[in-house]
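Biologist: Could you walk me through how the parts of this chain are put together?
Modeller: Gladly; let me bring the model up.

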Amino acid sequence: MRETQAIIERISRLNEHYQRLHLSVENYLKDVKPGQSLLARLTDRWDPYLRELWWPVAAANSGLTVERPGSQRYEPGQSVSLLGPVGQPFRYRRTLRNVLLIAYDTAPTPLVMSVDWLLSNHISVTLVLAGKAALYPTQRLPPEVEVLHADESLSWPNRVMTVGWADQVFVAVGQDDEMGRFGQIWTLFKELRAEIPKAYLFGVFQPAQPCGVGACQACLVPMRGHHNSLVCTEGPALDLTQVMLA
Ligand code: FES
């Protein structure tokens, strides 16, 4: 992981809740993979807070695009200090036909970069938006993605079928109670499937990450078998069959 400076070249609004920043970055960051993130800090003002976790949604020769909440103010020309890439790429199975992505009370932003990669490898993608994720504007997603909306009881159209067909599932949840929401998802999948195999259902964790390199232990997640995982080095996607959920 390295530190580098990026420039905000362009800003595009998706709706009042979300915006995208188009960044010029050094070449090595254009190789960022789905699942990896960046620790960012604007450099034109003093900032006493931790670096923010920025999720790339697209990488191209022209630069990197990240998605940010619409409430944050940015200006073209601003410079940003980036540390990254942080974390491991999503670990897809070798034989994969259908992937289910779920965003529950959070934006699906950590999952968005995987959509193009999966589609370009002829893997079908279903995206379920639950709770606050319903505010997410889906018009920029490729038309091949099946987008479904869940109700408050986490029910969505053809739920049994989408869960049954999925070869792998990646879930992002609201950060105010990640463990609680992952626990709800786990309970739901236990009801819908006879068995949850290993490497099938992944939680995409988004804790605050002060160092991003495994040095501070702030992003530790308790796992079964009396060991812990660090989200910044082993995550962000952790196999929920291995996570010690409440
Ligand atoms: S952020 Fe410091 S150990 Fe993960």
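Modeller: Domain bounds here come from an automatic or database domain assignment. On that basis the chain is divided into domain 1 (2-86) and domain 2 (98-239), and their centres, taken over C-alpha atoms, are separated by 22 Å. This is a predicted model, in which local features need pLDDT of at least 70 and side-chain atom pairs count only at pLDDT 80 or more, while totals for chains, interfaces and linings use all residues. Residues are numbered from 1 along each chain as its sequence is written, and side-chain values use heavy atoms, with hydrogens and water left out.

Biologist: How many residues does the contact take from domain 1 and from domain 2?
Modeller: With contact meaning heavy atoms within 4.5 Å, domain 1 gives 21 residues and domain 2 gives 22 residues.

Biologist: And what area do they bury between them?
Modeller: About 1900 Å², with 65% of it on carbon and sulfur atoms; buried area is the accessible area (1.4 Å probe) that two parts lose on being put together, summed over both.

Biologist: Which three residues supply more of domain 1's share than any other three?
Modeller: Those are Tyr-18, Pro-34 and Trp-55, which supply 29% of the area that domain 1 buries against domain 2.

Biologist: Switching to charges, how many salt bridges are there between the domains?
Modeller: The count is zero, where a salt bridge needs a side-chain nitrogen of Lys or Arg within 4 Å of a carboxyl oxygen of Asp or Glu.
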